[in-house]
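Open the model in your viewer and keep the sequence panel beside it. Each stop below gives a selection, then what to look for.

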Amino acid sequence: VQQRDEVDSEILQTVDDANRVMRELQTLNRNILTATSAGNLPADLEDRRDLLVETLGELVGATGSVEADGTATVRINGRILVQAESVSELTYEAQRGSVPAIGDSPLGLGDLDGKLGGLVEVRDDDLGEAIARLDAFALRLASDVNRVHEQGTDAYGDAAGAFFVLTNQETEGDANAAARLYVATALQEDPLLVAAGTTASPGDNHVALDIAAQRNDLYGASGLLRALVVDVGARSREAQDLALGQEVIVSSFQAQRESVSGVSLDEEAANLLRFQRSYEAAARLVSIADEMAQTVLGI
């Protein structure tokens, strides 16, 4: 549950970052329009514009296009975020089950991509499933331990009660069981109410041994916990492998883009040297022509 709250905070931060980038892009669009109207070529503004569009793609999976007037239009699954000098900011309320929205129009998991889409998917799918399975483990643990404990006798010779209880059972039922599972208050206040055996005899530990044996029950709470740990580990490894594969793909596309739109320092240096030699040759030709003219005039 704490991790899900942390993911919610990260989603809120990502939404804030995306809105900040969109506002800056809106300002850039305005400045680009002003510069082009004055007949200037705002190359520095255009470079910054392209960088911001790429940043929005990384944050929310948005796609961008450059219009004829030089401004950028950014969309997320067909919905416009930035167009010319207008911007539609994302909204998000950090509460359980909420999703980012454009104004009053919520964005589903299929609409989102990038960092924001990944965070929402982790919260709703991966963490949601893990929490549900952890709750199932907590309920099974309480049931198995209570079943054995209630067959015992406390130190006062009375029948033992439940060892584990869920807080607010009447109002919340079994929801979020793992976060609400506690040792019974009576046992916390008086440890002599804990039943170690079936009798009040100091040497009777049959109940304690039966409870300890629960850890070897592959079909009980222990089995549920082991299955959850294995599944989380497998998902983590799968995510790492997918991330490595995507890094290779992204690097390949970036190399292709740079080969088309990027600047090669080696190529520019060769061109500079070629232009320098051409200038020197032209200057030498003018110098020779001047010397020949002076010679002819001197004859």
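**Before you start**

Number residues from 1 along each chain as its sequence is written. This is a predicted model: local features need pLDDT of at least 70, side-chain atom pairs count only at pLDDT 80 or more, totals for chains, interfaces and linings use all residues, and side-chain values use heavy atoms, with hydrogens and water left out.

**Stop 1**

Helices (H or I, at least four residues) and strands (E, at least two) are DSSP runs, numbered from the N terminus. The 4 strands form an open sheet, ordered β1-β2-β3-β4, with antiparallel pairing. Strands count as paired if DSSP finds at least two bridges between them.

Show the backbone. Strands of a sheet pair through backbone hydrogen bonds, either parallel or antiparallel. β1 and β2 pair over 4 bridges. Pick Thr 63: its bridge partner in β2 is Arg 75. Pick Val 74 and look opposite, to Val 82 in β3.

How many residues of β2 are buried? The count is 4 of its 5, so the strand is mostly covered. Buried means under 20% relative accessible area, exposed over 50%, and partly exposed in between (1.4 Å probe, protein chains only).

Contact means heavy atoms within 4.5 Å.

**Stop 2: the turns**

Select Gly 70. The hairpin of β1 and β2 has 5 residues between the strands, and Gly 70 there takes a positive phi near 95°.

Move to Asn 77. β2 and β3 form a hairpin with 2 residues between them, and Asn 77 sits in the turn. Its phi is near 55°, positive in a residue other than glycine. Most residues other than glycine have a negative phi, and most peptide bonds are trans.

Then take Ala 84, in the loop between β3 and β4. Ala 84 also has a positive phi, near 55°. Ala 84 is partly exposed, at 28% relative accessibility.

**Stop 3**

Select helix α3 (residues 114-149) and helix α8 (residues 221-261). The structure holds 16 salt bridges. A salt bridge here is a side-chain nitrogen of Lys or Arg within 4 Å of a carboxyl oxygen of Asp or Glu.

Show Asp 126 and Arg 235. They form a salt bridge, with the closest N and O atoms 2.7 Å apart. Asp 126 lies in α3 and Arg 235 in α8, so the pair ties together parts 109 residues apart in sequence.

Next, show Asp 231 and Arg 133. Their side chains meet in a salt bridge at 3.1 Å, N to O. Asp 231 is in α8 and Arg 133 in α3, so this pair ties together parts 98 residues apart in sequence.

Asp 126, Glu 129, Arg 133, Asp 231 and Arg 235 are linked in a network of salt bridges.

Then pick Asp 124 and Arg 123. Their salt bridge has its closest N and O atoms 2.7 Å apart. Which of the two is buried, and which is partly exposed? Arg 123 is buried at 2% relative accessibility, while Asp 124 is partly exposed at 38%.

**Stop 4**

Select Ala 184, in the loop between β9 (181-183) and α6 (185-189). Ala 184 is buried, with a relative accessible area of 9%. Leaving aside neighbours within four places in sequence, Ala 184 contacts Ala 162, Phe 163 and Val 165.

Finish at Asn 146 in α3. Asn 146 is buried, at 12% relative accessibility. Asn 146 touches Ala 162, Phe 163 and Phe 164, not counting residues up to four places away in sequence.
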